[in-house]
Amino acid sequence: MTKPRKVLSVAALALAAVLVFLYALEYYDFTFIERPEKKPETEVVTDALPETTEPTVTEPPVTAPPVTAPPVTTPPEPIIDPETFPSVSAAGAEGYYLTTLPYTSDMIIAELRVALEETDSFSLRTRSWNKPLYDYEHVNGPAELLWVPTEEQLPALEAYMGYIFADTGDTVYIYDSYGRYLNTFNPYYFEFAYKRDRHGNPLMRQAYNYTVSTEDGTQSETFKDFNYYYMGNDGGLYTSGYNDAAENRGVMADYPAYFGTTDSGLGRLCKYNRVVQKTVKGKLKSFIRTRWNITWNGLPINDVIYYALFPYSSGYACVTDEEDIMYFVNDQGKRTFETKKEYVLSGRYVVDQLLLPLDETTALGCYYYEYGLVKARRQIYDYYQLEDWDLMYIMSDDYVMLYTDGSEFPVPTGYSVKTYSNGVMLLEKNGTFGYMDYTGAWLNSPDYEDARHFMEGLAPCKKDGKWGVIDTAGNTVLPFVYDYIQPTSSGIIITHSENGWNTYMKMAK
């Protein structure tokens, strides 16, 4: 019994020691023992703010000085161009230069801040422009292209193939792309031809009339043609040897010098003569008939005669046969697909064929493949109407988009093709416009109020009553704050707003 009693004694002593230790740490108190007063602890300083409320400090009163309210003023007019564009000179100092190549994201738009002889007004005069119009032989019949003088406003500032024309009302001054004065221009004597010669020189033209007669002299008709002049580096106009039948690139537009030039070693050889024919109405018709060969080192590659032949592009050339049927040939001169078919449509035997555009002003996108697509004029007419009555009844005459194998690109229902350039179609439906690229993707919502074609990778378009410029990715390059924007002209963009004229330059590094 001695050993258990000893163990209990030791346990009691241990318990008492633990209780004394816990009492010292203030875990509990003995009610019969008064705890001694606690000494102040040393203050610990940390970066943390104390959680206690700061004491309120009463400062002596201070008399505040009188406050004068700022005067009420009318807010300034918003800047018409919210974007900040560098000056051409500043961009040039950083190594940028004018470019006519299609716009890319690493290019910049700079403002030409040079004093030109100009006015803030949009126009100070009108000019006469020979506008293409159609004369139809009969209802639903074929059309003949006529050039009719039409009065239109002459913009006070205008770009043409890289030159700048500034009108003061008395004189039109010509400047180069950088705003350096070159010469003066007479808008009543010459008009923009919207064509270039084989050397890339911009052309002006002047209309004249000529008369043709039948062999027996019983009938004659007067027609219009043009003399051409090229612009020299000094802004002067010089008589040009340009032959529209042999050198025409097929399009009337303000295009850069490289547009419509061949990317192949194959060349063209042309012979031509003037032809006079009678129409169904008994009128005389006068035109130049051309005959072409595809050449290599100046010699024909085959014995095929073409009646139109445009420069090779992406391995294909647009040609026509004696019946004016348009088709394409490869670099061996072989036809790539058939472009004239006959079949029954809505109970009628019809002819379905591809033809050249009637109007060069609407031909942008024809002749030259871009990204595997080309714009083409497709006409369907009633076969028996022509055979039985010698009158062509045209059932449809529209533009379509074709792949290199002749299959048709699926243009959205209800839309018509206006132009195709830089791989982008301009489409129209019920007076609204949209841009679709060669993959079939819309660049933006197709609800522009008005729109122009792409040139050099940029296109002016209108929304909410104002014009802006977008690139081929649909990005805004110039904001929608302008009342007028001219399509890009060899790197130059002219705009007009209520604040006057602005001239911009597309620059690369």
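**Exercise 1. Find which side chains meet in a salt bridge with Asp225 or Arg274, and where the two residues lie.**

Step 1. The side chains of Asp225 and Arg274 meet in a salt bridge, at 3.5 Å from N to O. A salt bridge here is a side-chain nitrogen of Lys or Arg within 4 Å of a carboxyl oxygen of Asp or Glu.

Step 2. Asp225 belongs to strand S11 (residues 220-231) and Arg274 to strand S13 (residues 267-278), so the pair links distant parts of the chain, 49 residues apart. Strands (E, at least two residues) and helices (H or I, at least four) are DSSP runs numbered from the N terminus.

Step 3. Asp225 is partly exposed at 22% relative accessible area, and Arg274 is partly exposed at 36%. Buried means under 20% relative accessible area, exposed over 50%, and partly exposed in between (1.4 Å probe, protein chains only).

Basis of the values: this is a predicted model, in which local features need pLDDT of at least 70, side-chain atom pairs count only at pLDDT 80 or more, and totals for chains, interfaces and linings use all residues. Residues are numbered from 1 along each chain as its sequence is written, and side-chain values use heavy atoms, with hydrogens and water left out.

**Exercise 2. Describe the salt bridges of Asp176 and Glu360, and state whether each residue is buried or exposed.**

Step 1. Asp176 forms a salt bridge with Arg180, and the closest N and O atoms are 2.6 Å apart. Asp176 is buried at 13% relative accessible area, whereas Arg180 counts as exposed at 51%.

Step 2. Glu360 forms a salt bridge with Lys195, with the closest N and O atoms 3.1 Å apart. This pair links distant parts of the chain, 165 residues apart: Glu360 is in the loop between strand S20 (348-355) and strand S21 (373-382), and Lys195 is in strand S9 (residues 191-196).

Step 3. Glu360 counts as buried at 17% relative accessibility, and Lys195 is buried at 2%.

Step 4. The structure holds 19 salt bridges.

**Exercise 3. Work out the order of the strands in the open sheet that contains S9, and which strands stand at the edges.**

Step 1. The sheet has 4 strands in the order S9-S10-S11-S12, and the pairing is antiparallel. Two strands pair if DSSP finds at least two bridges between them.

Step 2. S9 and strand S12 (237-239) each have a single partner strand, so one side of each is left without a neighbour in the sheet. These two strands therefore stand at the edges.

Step 3. From one strand to the next, the twist averages 50°. Such angles run from 0 to 180 degrees between N-to-C directions, with axes as lines fitted to C-alpha atoms, for helices over the stretch in contact.

Step 4. S9 pairs with strand S10 (residues 202-213) in the antiparallel sense over 3 bridges. Met204 in S10 is the bridge partner of Phe192.

**Exercise 4. Determine which way the residues of strand S5 point, and how S5 is joined to S6.**

Step 1. In a regular strand the side chains alternate between the two faces of the sheet.

Step 2. From strand S5 (residues 157-160), Leu157 and Ala159 point one way and Glu158 and Tyr160 the other way; all are buried.

Step 3. S5 and strand S6 (residues 163-167) run antiparallel and are joined by 4 bridges. Glu158 stands opposite Phe165 in S6.

Step 4. The hairpin of S5 and S6 has 2 residues between the strands, and Met161 takes a positive phi near 50° there.
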